[in-house]
Amino acid sequence: MLMPNPKSPSYKFKKAWSWPTEIEAKIKTLCEGTVLHVCCGDSTIGDVRIDLEKPADIKASMFYLPIRPASFDTVLCDPPWELPYHLRGKLLRQLRDSLKPNGRLVFNCFWFPKTRGLAVDEQIYVGVPHNLWRNASLLITARRMALPS
C-alpha cells in the first residue's frame, strides 16, 4: 500500500522488504504445494514464513532453519544481496535440504544458485530496474535432485 509523504505529495512510500504487486503475483504462480518462504520480510507468500527481524511465523537465521529436512514442495527465498560469497553455498544447502525430492526452489537474487543437488531450470526471469545503475533481479527456479551417495 502506497502512503503519501506529508512533506512532499509528489513522493509516495511503500513497505520495505516487499515486492511490487505484479512481481508477487508472478512468484505465486511459480509456487507449488506447501511453501516455505525464507527471508520473507513483509511478504505474505508462504505457508511457513521465516525471517530474522520482520514479523514472520518463525524468527530464525537463514543458515539454521528450524524445520525437518525434505518438508516443503516449494522453498522461496529473496536473500540479502550483499551476502558474502563464502556464505552463499551454506544458504543454498539449507534451502535445498528443506525441499522434498523434485521440490522447487524459487530464488530471487542477482547471483546464480549453483550447488550440488539443485538442477536450475532453463527459464530465468529478469527484473529490469527503472533506475539507472541498479542491480537487475534474477528470478530463478530449480529442482531438488537426488544427491549422489
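1. **Contacts and overall layout.** Two residues are in contact when they have heavy atoms within 4.5 Å of each other. Keep that in mind for this predicted model: of the contacts with a separation of 6 or more, 55% are between residues 24 or more positions apart. The protein has two helices and nine strands, where helices (H or I, at least four residues) and strands (E, at least two) are DSSP runs numbered from the N terminus. Going along the sequence, you get β-β-α-β-β-β-β-α-β-β-β.

2. **Ground rules.** Residue numbers start from 1 along each chain as its sequence is written, and side-chain values use heavy atoms, with hydrogens and water left out. As this is a predicted model, local features need pLDDT of at least 70 and side-chain atom pairs count only at pLDDT 80 or more, while totals for chains, interfaces and linings use all residues.

3. How much of the protein is buried? Of its 149 residues, 37% count as buried; that means under 20% relative accessible area, with exposed being over 50% and partly exposed in between (1.4 Å probe, protein chains only). The accessible surface comes to about 9,400 Å², and 58% of that belongs to carbon and sulfur atoms. These areas come from the Shrake-Rupley method with a 1.4 Å probe, and for residues only the protein chains shown count as cover.

4. **The largest core.** A nonpolar core is a set of buried Ala, Val, Leu, Ile, Met, Phe, Trp, Tyr and Cys residues joined through side-chain atoms within 4.5 Å. The largest one here has 22 residues, and Val38, Val75, Leu91, Leu95, Leu105 and Phe107 touch the most other members. At least two residues each come from S3, strand S6 (72–77), helix H2 (85–98) and S7, with S7 giving the most, four residues. Apart from this core there is another, of nine residues, including Trp19, Ile27, Val35 and Val106.

5. **Val75 up close.** Which residues does Val75 contact, leaving aside neighbours within four places in sequence? They are Leu36, Val38, Leu95, Ser98, Leu99, Arg104, Leu105 and Val106.

6. **One side of H2.** Arg88, Leu91, Leu92, Leu95, Arg96 and Ser98 are buried in H2. They sit on the same side of H2 because they cover an arc of only 155° around the axis, the arc being that of the directions from the helix axis to the C-beta atoms. As background, an α-helix has 3.6 residues a turn, so residues three or four places apart point the same way. The cover over the buried residues of H2 includes S3, S6, S7, S8 and S9.

7. **Two positive phi values.** Most residues other than glycine have a negative phi. Cys39 has a positive one near 60°, and lies in the loop between strand S3 (35–38) and strand S4 (48–51). Cys39 counts as buried because its relative accessibility is 18%. Asn102 also isn't a glycine, yet its phi is positive at about 65°; you'll find Asn102 in strand S7 (residues 99–109).

8. **Arg143.** Buried or exposed? Arg143 is in strand S9 (residues 137–144), and counts as buried because its relative accessibility is 18%. Not counting residues up to four places away in sequence, Arg143 touches Glu32, Asn102, Gly103, Arg104, Gly117, Leu118, Ala119 and Asp121.

9. **Ile124.** Have a look at strand S8 (residues 118–127), where Ile124 lies. Ile124 counts as partly exposed because its relative accessibility is 31%.
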